[in-house]
Amino acid sequence: MKEPPVPRVSPPPEPEAVPLVPELLISDLLRHGVVASLSLVTLGTVVTFFRHPDYLVSSEALERLTAPHPVPHGLAEVVAGALAARGQSFVMAGLLVMMAVPVMRVALSLLIFRQQKDKVFVAITTAVLVLLLVSFLVGAAEG
């Protein structure tokens, strides 16, 4: 008896390269920036309470933590504090990342508009980016 022929199965088609969609690039940047910021703030909080467990049981100790006092402001201070495993430095790094995300979004938009050769939006986005950077420089000079 003759066996029925086995049907040939063709291999699945190769996945096509998905073009980079500007909206997806921007949403990924925002999503990953927020996750990075939240992770750093959470890590800083955990490190703070791990290194100072008395904050969990003593209201006086917790008052010292929440009382106004100098915190690292500059990037060099934040990096030095993070290398020394200071919780406040990790929290401040998370806040700096959160502040940098919108600036990176504008910079990414500028690159996208340049790639699309949209001169009007390149000019507008460049102006916005310059104003953001100037505001950071002025704030750093005053603070």
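Me: Which residues make the nonpolar surface patch?
Reply: In this predicted model, V120, F121, I124 and V128 make the nonpolar surface patch. Its area is about 350 Å².

Me: Where does I124 sit?
Reply: I124 is in helix α5, which runs over 119–142.

Me: Is I124 buried, partly exposed or exposed, and why?
Reply: I124 counts as partly exposed because its relative accessibility is 45%.

Me: Which lining residues are closest to its centre?
Reply: H73, L96, M99, F136 and A140 are the closest to the centre of the largest pocket, out of 18 residues that line it.

Me: Which elements give two or more residues to that lining?
Reply: Those are α4, residues 87–115, and α5, residues 119–142.

Me: What lines it?
Reply: The second largest pocket is lined by V47, T48, R51, H52, Y55, L65, H69, A85, R86, G87 and Q88. The elements giving two or more residues to this lining are α1, residues 22–51, and α4.

Me: Which element gives the most to it?
Reply: Helix α1 gives the most to the lining of the second largest pocket, with 3 residues.

Me: How many charged residues are in that lining?
Reply: The lining of the second largest pocket has 2 charged residues, along with 4 nonpolar and 5 polar ones.

Me: Back to single residues. Where is V34 found?
Reply: V34 is in helix α1, an element that also lines the second largest pocket.

Me: What is the relative accessibility of V34, and how is V34 classed?
Reply: V34 has 39% relative accessibility, so V34 counts as partly exposed.

Me: What separates V34 and K117?
Reply: Their C-alpha atoms are separated by 29 Å. Along the chain, V34 and K117 are 83 residues apart.

Technical notes. Residues are numbered from 1 along each chain as its sequence is written. This is a predicted model: local features need pLDDT of at least 70, side-chain atom pairs count only at pLDDT 80 or more; totals for chains, interfaces and linings use all residues. Side-chain values use heavy atoms; hydrogens and water are left out. On a 1 Å grid over the protein atoms alone, a cavity is a set of points where a 1.4 Å probe fits but cannot get out, and a pocket is an open set with protein on both sides within 12 Å along at least five of seven lines; lining residues have an atom within 4 Å of a point. Helices (H or I, at least four residues) and strands (E, at least two) are DSSP runs, numbered from the N terminus. Ala, Val, Leu, Ile, Met, Phe, Trp, Tyr, Cys and Pro count as nonpolar, Asp, Glu, Lys and Arg as charged, and the others, Gly among them, as polar. Patches are made of residues with over 30% relative accessible area and no salt bridge: like charges are joined within 9 Å, nonpolar side chains (Val, Leu, Ile, Met, Phe, Trp, Tyr) within 5 Å. Accessible areas come from the Shrake-Rupley method with a 1.4 Å probe; for residues, only the protein chains shown count as cover. A salt bridge is a side-chain nitrogen of Lys or Arg within 4 Å of a carboxyl oxygen of Asp or Glu. Buried means under 20% relative accessible area, exposed over 50%, partly exposed in between (1.4 Å probe, protein chains only).
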